[in-house]
Structure formats: C-alpha cells, structure tokens
Amino acid sequence: MKLKGAKIVTESLINEGVDTVFCYPGGAVLDIFDELYHVQDKIRQILTCHEQGAAHAADAYARVSGKVGVVIATSGPGATNLVTGITNAYMDSVPMVAITGNVALSLLGRDSFQEVDIAGVTIPVTKHNYIVKDVKELGHIISDAFYIAKSGRPGPVLIDIPKNIQQAECDWEPIPVREVVYKKPNLNKAKAAIDIINSAKKPLLYLGGGCICSGAYQQVLELAEKIDAPVACSMMGLGAFPASHPLFLGMIGMHGHINVNFSVQECDLLIALGARFSDRVATNRDKFVKGKVVHIDIDNAEINKNINADAYILGDIKTVLTHILPYINESKKPEWVGRCDELKRTKVLKETSHKVNPKEILRSISKHTPNDQIIATDVGQHQMWTAQTCAFEKPRTFITSGGLGAMGFGMGAAIGSAIASSKRVVLITGDGSFHMNFNEVVTAVVQKLPIAIFIMNNNTLGMVRQWQKLFYKHRFSNTTLNRPTNYEYLAKAFGADYLEINDNSQIDEAVKKAVNCKMPVIVNCKIGIDENVLPMIPSGKSVSDMILEIGENNNG
C-alpha cells in the first residue's frame with residue numbers, strides 16, 4: 001500500500017510493538033505528530049515539558065519494561081536537547097530509538113532555521129544513526145534501528161527524517177520483526193574459564209548491568225549457590241541478585257560497602273558477569289584484585305580493556321550461563337563464605353546520629369514498600385545512599401544514571417518507570433538535581449502518576465562539596481545553593497501534594513503517606529549540609545586508602 005513517510009513511521013512503530021512514545025513536537029516533525037494524532041488508541045503519547053525529560057523517560061521505560069524506549073522530537077534545539085538522554089542510554093547500554101525531524105533535504109547544509117546535523121552530533125553516543133534520504137528506505141531503516149538497539153550490547157539508535165521525506169509517498173508493507181537470538185558459547189573456547197571456576201577455592205561473583213538486561217536472574221542465582229560464591233554488585237547490577245540472600249555482600253567500588261572491597265582483595269577468583277570494571281569500581285586498576293579474573297560479557301571491546309582476564313567467554317550472560325552451568329562442579333566452601341560473613345559483620349561503617357538522617361529515610365522507604373518497589377534516583381550523594389541502603393530484591397527496580405552520572409535524570413526516569421510498570425514509583429533526588437528538571441513534575445501531575453519525590457534538601461551540591469572538603473581544603477566554590485525555592489508553593493503550583501521531614505521522629509509517618517500516594521507528592525527532607533557519603537576510595541587509590549571519616553571545619 002502507498003503511504004506517506006510520516007504514516008510509515010507510525011505504522012512501523014505499531015508493527016514493532018511500540019505502545020508508548022515520549023515526545024515533544026515542533027515544525028520539522030509536524031507530519032509525524034499529525035499521524036500520531038490518528039493512532040492515539042494504539043500509541044500512548046507522553047508529552048513532557050522538555051525534550052531531555054522525554055529522553056530520560058524513554059530510557060527508564062526501557063529499563064523497567066525490557067522493551068525498546070522511543071522518543072520523538074523536532075529538529076535543531078529539540079534534537080540537541082535529546083543528546084544528554086541519548087548519551088545516558090549509551091553509557092548504560094539501554095535500548096532506545098530516537099526519532100528527530102529535520103529540515104527538507106534541499107535545505108540541509110544551508111544553515112536553515114532550526115537545522116542541526118544531529119546525526120553528526122550523536123555519532124559518538126549512539127550504536128548507529130541514520131539520515132533518511134529516500135522515503136523508500138524509511139521502513140527498513142526503522143526495522144533495522146529497533147534490531148540494532150536491542151541486539152548485542154543494547155544502546156540508542158537515532159533516525160533523522162527530513163520534512164520532505166515525511167511528506168513523500170511510497171509503497172510500504174509491514175516488515176517482520178526480527179527477534180534477537182544469541183549464539184551458544186563455544187564450549188571448547190569456554191573450557192579455560194570453566195576449569196578456573198572449578199578449581200577456585202575462594203570465588204566471588206561481580207555482577208554488572210549486563211546481568212539485568214539479559215534476564216539472567218535465575219542463572220546467576222544458580223551459579224552462586226552451585227559454587228558457594230559470595231556476590232557483589234556494581235551500582236548498575238543492583239537487583240540482579242536478591243539482597244536478602246545469605247551470599248549477597250553488597251555494592252562494590254568507590255562508595256561500595258567496606259566488606260565487599262575487602263572480600264575482593266581476599267578472593268582467589270573474581271567472576272565478572274556483564275560488568276565493565278569502570279573507574280568507579282576498579283579505582284586503581286593495578287591493585288583492584290589479587291586473584292584470577294574470569295570475565296563473561298557480550299561486548300568484545302570490554303575484555304581486557306580495564307582489567308586483564310585470565311579467561312573470558314563472549315556472549316549474552318543468560319545464554320552463556322545456561323550452557324556452562326552443567327559443566328560447573330557443585331562445591332561448598334564454608335570457610336570462604338564464613339570469612340566473607342565475618343567481614344560483613346566486622347567491616348561496618350560507624351553511623352553518627354543526625355537530626356534528619358538520610359539513611360533512616362531510605363530504611364523507612366524499604367520498610368514500607370514491597371520488595372519489587374521501583375526506586376529511581378538523580379545523581380549525587382542521595383544516589384549513593386540509596387545504592388548502599390535500599391535492599392533491591394528484584395531486577396529492573398533500581399533506575400539510576402550510572403556511566404554518565406546525569407543530574408536531572410530523576411524526574412524523567414520516574415515518569416518513564418511509572419508508565420512502564422503502572423505502579424507507584426519512589427524518586428530519590430537532591431535539591432541540586434531536582435532544580436535541573438523539576439518542570440517534569442507537571443508532566444507527572446498531568447499523567448496522574450503516583451510518584452513519591454523525596455528531595456534530600458541540604459542546600460548544597462553535596463557530592464561536590466564532599467570532594468571540596470577532601471581535595472580542595474574546604475573551599476566551597478559555587479556549591480552552597482542558597483536558593484529561595486519554596487517547595488510547598490512549588491508543589492501546589494504544579495498540582496502536586498507536599499510533605500516535610502524536619503526531624504527523625506517524622507520520618508515513618510511522612511514516608512507511609514508518601515509511598516501510598518495517588519498523585520505526585522514532594523517530600524522536602526531537610527538534611528544537614530555536611531552529610532557525607534562514606535566509605536570512599538579516592539579516585540586512583542586502592543582499598544588501603546579507603547576513607548571512613550571526614551573532618552569538618554567552618555569555612556562553608
């Protein structure tokens with residue numbers, strides 16, 4: 001059948017199973033939005049306040065649902081406003097398709113109104129991108145984009161569609177959706193890794209986000225129990241293993257639990273699954289691990305990039321584990337498990353009392369929410385407190401910006417999470433992060449989304465202030481905020497509810513009200529300006545340099 005390019009876009013999205021898009025219209029993409037108008041019963045369209053919020057929402061939608069997230073924006077500033085969200089998805093390996101309009105082909109390269117070479121801009125932060133120059137190619141490009149986004153190591157793909165291509169016509173037929181099929185591992189090549197695992201006396205699993213996106217929850221659990229291996233997670237891997245399991249140790253890395261980083265030092269084998277040894281985990285690559293390393297990952301580029309592996313297996317984590325588990329010997333290691341338990345009991349951070357303790361708020365949230373509660377965060381101290389404190393039992397429940405560390409991620413992420421799950425969502429943010437994208441509270445109100453927004457309000461950019469204390473002799477350059485924002489008025493102006501926590505005695509009651517909300521509610525948590533995130537291994541340092549306490553002075 002003969003269709004306009006814009007119609008081919010909407011029909012192709014429906015054909016790919018897309019039922020939700022996050023979007024913001026503009027002149028160069030109006031033809032696509034006109035076609036979206038006709039398919040409102042098939043594609044839910046979430047209009048955000050800013051394109052960045054739409055991109056973060058599509059990202060979180062993908063993380064929670066396991067589907068490809070879709071965002072649509074216009075040319076020029078609409079397209080460039082997507083770039084942070086696209087980059088965030090790229091850094092955290094999230095499948096996303098971003099569709100942008102552009103000026104007509106005849107106007108490209110002439111500095112036309114709202115013309116930007118968005119394909120050129122996004123080359124380093126997408127798996128692939130396209131400028132559609134012939135409407136006959138459009139259907140196949142969309143089909144390819146979805147396949148590329150979700151196959152191999154997932155990531156974002158951008159399709160830039162000039163206005164005249166949206167208006168041109170051609171014959172179109174639905175293209176069969178290509179499902180991702182992962183290759184079985186070559187067992188001969190995997191033998192070295194299997195032999196090392198079978199001979200290990202003190203193995204430790206290090207889980208990354210790849211375990212979650214591959215859906216390897218059961219296989220990871222089976223491996224850990226079969227070889228009696230304690231389990232550490234990167235921040236992106238939290239939820240890949242139940243936090244209540246006796247073998248779970250906690251988070252690894254710069255702000256990881258003390259016991260975990262010491263356990264890594266004592267293991268004779270670290271089995272990294274879908275993890276990339278980032279500089280926030282292997283802060284000092286030479287001293288990070290003393291034992292052998294087996295690395296299993298889908299991306300060949302990650303093997304031996306940061307930490308050399310004694311053996312490796314390339315492939316999807318779930319597929320690899322499914323095929324090698326029969327060759328892994330069952331083995332109990334009570335002494336090693338006991339030693340990790342001992343470290344867990346004894347290597348504990350001393351916690352001081354505070355008028356409003358952020359970790360008490362997080363413990364209360366864990367206490368009053370189900371074990372599949374989705375918690376989204378922004379970026380900063382509150383993010384690390386959440387990763388350290390909340391017990392994530394299920395995959396796809398901790399939604400955070402890992403690799404890019406994008407402040408302003410939270411509100412969009414909470415919206416995408418709530419829409420993907422149709423459940424209540426908790427957002428933990430800081431006053432610095434919240435100010436970057438609080439306009440999206442309006443989107444949450446319009447969509448009637450039950451999002452409990454906890455602002456860890458300490459009047460500062462807390463993580464930067466902490467670095468200034470440690471490495472810049474308490475010179476607090478531009479980190480004390482002193483903003484006069486009245487959060488109660490802001491909440492009411494936007495149509496949200498409002499609660500306040502001024503003392504630890506108010507925490508439980510406020511949390512119970514917030515996490516049972518039916519509409520967005522802002523909870524203003526007035527924590528102290530000098531709350532710190534500890535422990536901390538300074539950048540480039542090792543476990544022996546771990547900071548457990550920070551002295552204060554009165555410069556700030």
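The protein chain contains 22 helices and 20 strands (DSSP runs numbered from the N terminus, with H or I over at least four residues for helices and E over at least two for strands). Its radius of gyration is 24 Å, close to the 24 Å given by the globule rule for 556 residues, so the chain is as compact as a globular protein of that length; the radius is taken over C-alpha atoms, and the rule is 2.2 Å times the number of residues to the power 0.38. The model is predicted: local features need pLDDT of at least 70 and side-chain atom pairs count only at pLDDT 80 or more, while totals for chains, interfaces and linings use all residues. Residues are numbered from 1 along each chain as its sequence is written, and side-chain values use heavy atoms, with hydrogens and water left out.

Along the principal axes, the C-alpha atoms fill a box of roughly 70 × 65 × 40 Å. Of the 556 residues, 58% count as buried (buried means under 20% relative accessible area, exposed over 50%, and partly exposed in between, with a 1.4 Å probe and protein chains only). Among contacts with a separation of 6 or more, 76% are between residues 24 or more positions apart; contact means heavy atoms within 4.5 Å.

Helix 3 (residues 51–65) has 15 residues and reaches 21 Å from its first C-alpha to its last, close to the 21 Å expected at 1.5 Å a residue (the expected span is 1.5 Å times one less than the number of residues). Of its 15 residues, 14 are buried, so helix 3 is largely enclosed by the rest of the structure. G66, with a positive phi near 80°, follows helix 3.

Y24 is located in the loop between strand 2 (20–23) and helix 2 (30–38) and is partly exposed, at 30% relative accessibility. Leaving aside neighbours within four places in sequence, the contacts of Y24 include F33, L47, H50, E51 and I72. Y24 and N357, 333 residues apart in sequence, are 39 Å apart in space, C-alpha to C-alpha.

Most residues other than glycine have a negative phi, and most peptide bonds are trans. Q114, in the loop between strand 5 (96–102) and helix 6 (118–122), has a positive phi near 55° and is partly exposed, at 28% relative accessible area. N482 has a positive phi near 50°; this residue lies in the loop between helix 20 (462–471) and helix 21 (487–494) and is exposed, at 58%. L534 and P535 are joined by a cis peptide bond with omega about 0°, and P535 belongs to the segment after strand 20 (521–526).
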